[in-house]
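This report covers a single protein model.

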Amino acid sequence: MKNHIPIVFATDDGYAMPTGVAIASLCNNKKSDTKYRIYLIAPHLSDENINKLKSYNSDDCKIDIIFAENLLQDKASTLEKVTNTDYYRLMLDSILPDEDKVISLDGDLLVLEDLSELYNIELDDNYIGGCYFRPHDIYNRKYVQNVLHLDEGKRINIGVMLMNLKKLREDNIQKQMLAKIGCFDIMSEDIINYICKDKIKHIPLKFNYNLHFYRYKKLLKNDPVYSAQEYKTAKQKPAIFHYTLDKPWKVDVVHRQKDWIFYKKISSYKNVVLNIRKKSLLERFF
């Protein structure tokens, strides 16, 4: 293993606070001999957020902030629905030319275990390692089949990815992915699944256990990738818990919200006051 594990977050001022909480959980749950190099890629950040995010910097958790505001200027007309940060992960092979393999994480998650096991998964000639993300209704199933042209068991959630930047670089995959900007519903997630579909390796479910599995319990039945036991184990002890639906800093009654609040309290954003909306009775049941 190399002397550090590279971790990447794409963020901006709107997502700096949850990203900071995710970093607090990441650094708090690492093993004593693990060293992380954390890359934060952003179009811009306020001085306050820069200082808060840099406060995590240490010998074991080195923080590098990379400003990438102008990377997608030629795609500006197609980026109205999302911020540029959604697409930075398509360009990591060129943004991080000295890294051959990285873990890419969304900011709306908690890292509850050391990530050495995840980083040491062999990708071989695959571009991506990720957790299978099963469509939860007929519309999504048809979309995956007919638009993304993916077979059952193929689509992953890109909130947690192990990325083979060396192979992506060698095969010039970035050019193919950028050419698809504006073509799909779920932006970079669809692009990565569509372009890399034959070069994706499934990783253990515990590395991306998420809120979809609580709301859509039928996803757990007859899963083509993960067994019922793996679902049970990942639910009980997730290495990464991903808030894919409701955000614990926005609404109440969210699974593992207390965990998120705990890490916020030990983060550099501990003094930020949250405006948490109470869910209606209808929302609590659906």
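## Aromatic pairs

Tyr226 is buried, because its relative accessibility is 5%. Buried here means under 20% relative accessible area, exposed means over 50%, and partly exposed lies in between (1.4 Å probe, protein chains only). Tyr231 also counts as buried, at 3% relative accessible area.

This is a predicted model: local features need pLDDT of at least 70, side-chain atom pairs count only at pLDDT 80 or more, and totals for chains, interfaces and linings use all residues. Residues are numbered from 1 along each chain as its sequence is written, and side-chain values use heavy atoms, with hydrogens and water left out.

The whole structure holds five aromatic pairs. Rings of Phe, Tyr and Trp (its six-membered ring) pair if their centres lie within 6.5 Å; planes under 30 degrees apart count as stacked, over 60 as edge-to-face and the rest as tilted. The ring centres of Tyr226 and Tyr231 are 6.3 Å apart and the planes stand at 85°, so this pair is edge-to-face. Phe241 and Tyr243 also pair edge-to-face, because their planes meet at 75°, with centres 5.0 Å apart. Phe241 is buried at 0% relative accessibility. Tyr243 is buried too, with a relative accessible area of 0%. One aromatic cluster is formed by Tyr15, Trp249 and Trp260.

## Helix 1 against helix 12

How do two helices get described when they pack? Helix 1 (residues 16–28) and helix 12 (residues 257–265) have axes that come within 9 Å and cross at roughly 85°. Helix 1 is therefore roughly perpendicular to helix 12. Helix 1 contributes Met17, Pro18, Val21, Ala24, Ser25 and Asn28 to the contact, and helix 12 contributes Trp260, Tyr263 and Lys264. By class, the contact has six nonpolar, two polar and one charged residues.

The terms need their cut-offs. Axes are lines fitted to C-alpha atoms, for helices over the stretch in contact, and angles run from 0 to 180 degrees between N-to-C directions. Angles under 35 degrees count as roughly parallel, over 145 as roughly antiparallel, 65 to 115 as roughly perpendicular and the rest as oblique. Contact means heavy atoms within 4.5 Å. Ala, Val, Leu, Ile, Met, Phe, Trp, Tyr, Cys and Pro count as nonpolar, Asp, Glu, Lys and Arg as charged, and the others, Gly among them, as polar.

Phe262 sits in helix 12. Phe262 is partly exposed, at 45% relative accessibility. Phe262 and Ser25 are 237 residues apart in sequence, yet their C-alpha atoms are 9.3 Å apart.

Helix 9 (residues 187–196) is mostly covered, with nine of its ten residues buried. Among them are Met187, Glu189, Asp190, Ile191 and Cys196.

Asp13 belongs to the loop between strand 1 (5–10) and helix 1. Asp13 is partly exposed, at 32% relative accessible area. Leaving aside residues up to four places away in sequence, Asp13 touches His44, Leu45, Ser46 and Asn49. Asp13 and Asp47 lie 34 residues apart along the chain, with 10.0 Å between their C-alpha atoms.

## The whole protein

The protein has 13 helices and ten strands. Helices (H or I, at least four residues) and strands (E, at least two) are DSSP runs, numbered from the N terminus. Of the 286 residues, 55% are buried. Among contacts between residues at least 6 apart in sequence, 79% join residues at least 24 apart.
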